[in-house]
Amino acid sequence: MANSLLSFLVLLSAIYCGTAQQKVAKTIGQGSSLTPTGNSSWLSPSGLFAFGFYPQGDNRYRVGIFFAGLAVNKTVVWTANRDDPPVSDYVTLRLTTDGRLILQQQSQDSTTDIVNPDQSVSSASMLDTGNFVLYDSNQKKIWQSFDHPTDTILPGQILSKGQELFSSRSESDYSTGLFRLKMQSDSNLVQYPVDATDAPQDAYWNTVTYGIGGVNVTLNLDPDGHLYLLNNSAIIVKNLTDGFPEKQRIYLLKIDPDGILRLYSFPLDRRGRSSSIVWQSSVDRCDPKGICGLNGYCTLYDNEPKCECPPGFNYVSAGNWTAGCERNYSADRCKNNERRIQYSMRSLENTLWEDDPYSVLKLKSTEECKSACLEDCDCEAAFYKDGDCSKQKLPLRYGRRLLSESNIAYIKWAPSTPEKAAPTDSKTKNKKERRLLILLISVSLVALAFTIFLIFGFVAYRKCSWASKRISVNVNFELMEDIAPQSFTYAELVKVTNGFQEEIGRGSSGTVYKGTLDFNNKVVAVKRLENMLADGEKEFQNEMKVIGRTHHQILCCRKSVVLGLSEEEAVLEEWVYQCFENNELAKLVTGLETDMIKFERMVRVGLWCVLDEPSIRPSMKKVLLMLEGTVDIPAPPSLRSYFTAI
């Protein structure tokens, strides 16, 4: 023990550039304060260690002890109130005049004690050993960080009987993590999952010193990296390391977030060299129990651990392996006699979990073991090894894959969704299919109606003049040269369509009704516009101009505002198309005066508009441009068959 203390003093003297340059620790008196964005820390005399604020996340901070004078700056070795939420930058760390070390919110009166010594604090010091010390008015030590370790042991610091180190949650989150190291009263230094008991089956590493050396064994770290267990008689119970000859280095022992205990060496020459691992409790990173959470199992890939879920399981939280796995179906269906699901067993060789069976059977083969679990609704998994079939319930703990193990794990697995859910899914699917079919039929009918109107309009190309001359002046038809669009009153259109009773089609801007002209008993189509937005009005004007230029005989009526009409009737627009008997089409085709180029254009457009696939039918705007001759019309697929029929 005396030799260890002597070597510690010698190394400290070398670290801090000789005794001639040693500095006395600065006294931190009452009234002293720190803020995250101002004076943020109190330094040790050499500047190697600091006590104060360090960042955790964006504009969030914790209070602790960290390296301040190394190239690896801000390496944290101790944290105060580590499971409290990080604080904002609007706080002050203060040693108050009444002897308390507190965090105070600047915007409110709330305070939090950083430490709770038994007496009033008169002053404090940050020492070059990395120990933060509080004193009373007589400069007697009343509290020190070395007595309250978090995840790290520094040279000169000991882990006494009953004390523990707790890993951090991650490399950037210093709250309590998943693993712990305990110096037990039975002289054994042991690692456990943080939520496990001190039972041997929960341990994943120990020094195998149970009952050796007495009851007051401690873990010690010397400045040269010598790590050992020492009893109260100053006898070394076990050496974990023998120390290292390199100078100008400082060592620390830490239980890392992955559960491995490691001894690190840091250079003191500040040349940017990183730390190195000089000892670790295990090289197998799947050794720490619980690293993959409940039901998950750990597999090594190129010495890197990866957590996986067994068949029929998904991660509880995507991206967070430690949260474990859960079944992706309801397990109670096994007991549902009405809709009993058909299970199967999936095997995972060289895979083991904690063996905690509710039943163990002696069976001759793996097939018998699988059948025994399938027939038992309480059985969720079965482990088979050397003739023993161990039936397991969920959750499964401490899973890992290990090639040296002959154990085979069988997991009960549901290969498909439950039958009772199928009718609901089928109804939903059928309902969607019916809606889609209705929509397709509606679109097809609308397209067909438009096509019929366009074809009959072009068929009437050579007969419109003759029909126009027969229109009686008594019904207020004003014919213009070259059969231009004409006007009707709203009342006349109501009469022609018998009050808009018979609907024969729908267009993009309104509904088309069947009507009969009184003066010649001709059947007409009346389009009643229902969309009078600015775009609808513009579309109406453009269509009328294009149709007029194609020399179709179209009788058009703009609505007349008549007293007594309702507000709904006041937004109507009507088109009346002069139609002819069906035999007029044959006359047009065989007539000498027929313009076959225009007729072929009409037929091509019509055939494009009745194609079975709606997505390749032309829009109304494109139809008008085709009829006008502005856009070329490719031959439709059915053009040859159409002319053959003619």
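Where does Pro395 lie? In this predicted model, Pro395 is in the loop between strand E33 (388–392) and E34.

## Overview

The chain has 646 residues, of which 46% are buried. Its secondary structure comprises 10 helices and 40 strands. Among contacts with a separation of 6 or more, 52% are between residues 24 or more positions apart.

Most residues other than glycine have a negative phi, and most peptide bonds are trans. The peptide bond joining Leu394 and Pro395 is cis, with omega about 0°.

Two residues other than glycine with a positive phi can be described here. Asn295 has phi near 75° and is placed in the loop between strand E24 (276–280) and E25. Asn295 has a relative accessible area of 7%, so it is buried. For Phe500, phi is near 55°, and the residue lies in the loop between helix H5 (490–496) and strand E36 (503–506). Phe500 counts as buried because its relative accessibility is 9%, under the 20% cut-off.

## A four-stranded sheet

Strands E26, E25, E34 and E30 form an open sheet in the order E26-E25-E34-E30, and the pairing is mixed. Strand E26 (304–308) and strand E30 (351–352) are the edge strands, each pairing on one side only.

Strand E25 (residues 297–301) and strand E34 (residues 399–401) run parallel and are joined by two bridges. Tyr297 has Gly399 as its bridge partner in E34.

In soluble globular proteins, nonpolar side chains tend to be buried together. The largest nonpolar core here has 37 residues, and those with the most contacts inside it are Phe51, Phe53, Phe67, Leu93, Leu101, Ile114 and Phe132. Strand E5 (residues 61–67) gives this core its largest share, four residues. A second, separate core has 27 residues, including Leu159, Val237, Leu263 and Cys307.

Leaving aside neighbours within four places in sequence, Leu101 is in contact with residues including Trp42, Phe51, Leu93, Ile114 and Phe132. Trp42, Phe51 and Phe132 also belong to a cluster linked by ring pairs, together with Trp78 and Trp143.

## Aromatic pairs

The count of aromatic pairs is 16. One of them is the stacked pair of Phe244 and Tyr251, with 5.6 Å centre to centre and 20° between the planes. Phe244 has 22% relative accessibility and therefore counts as partly exposed, whereas Tyr251, at 1%, counts as buried.

Trp353 and Phe383 are also stacked, because their ring centres are 6.2 Å apart and their planes are at 10°, under the 30 degrees that counts as stacked. This pair links distant parts of the chain, 30 residues apart: Trp353 is in the loop between E30 and strand E31 (359–362), and Phe383 is in strand E32 (residues 381–385). Both Trp353 and Phe383 are buried.

## Charges over rings

The charged end of Arg346 sits over the ring of Trp413, at 4.6 Å from the ring centre. Lys412 lies over the face of Tyr343, and its distance from the ring centre is 5.4 Å.

Note on methods. Residues are numbered from 1 along each chain as its sequence is written. This is a predicted model: local features need pLDDT of at least 70, side-chain atom pairs count only at pLDDT 80 or more; totals for chains, interfaces and linings use all residues. Side-chain values use heavy atoms; hydrogens and water are left out. Two strands pair if DSSP finds at least two bridges between them. Rings of Phe, Tyr and Trp (its six-membered ring) pair if their centres lie within 6.5 Å; planes under 30 degrees apart count as stacked, over 60 as edge-to-face and the rest as tilted. Buried means under 20% relative accessible area, exposed over 50%, partly exposed in between (1.4 Å probe, protein chains only). A charge sits over a ring if NZ of Lys or CZ of Arg is within 6 Å of the ring centre and within 35 degrees of the ring normal. Contact means heavy atoms within 4.5 Å. A nonpolar core is a set of buried Ala, Val, Leu, Ile, Met, Phe, Trp, Tyr and Cys residues joined through side-chain atoms within 4.5 Å.
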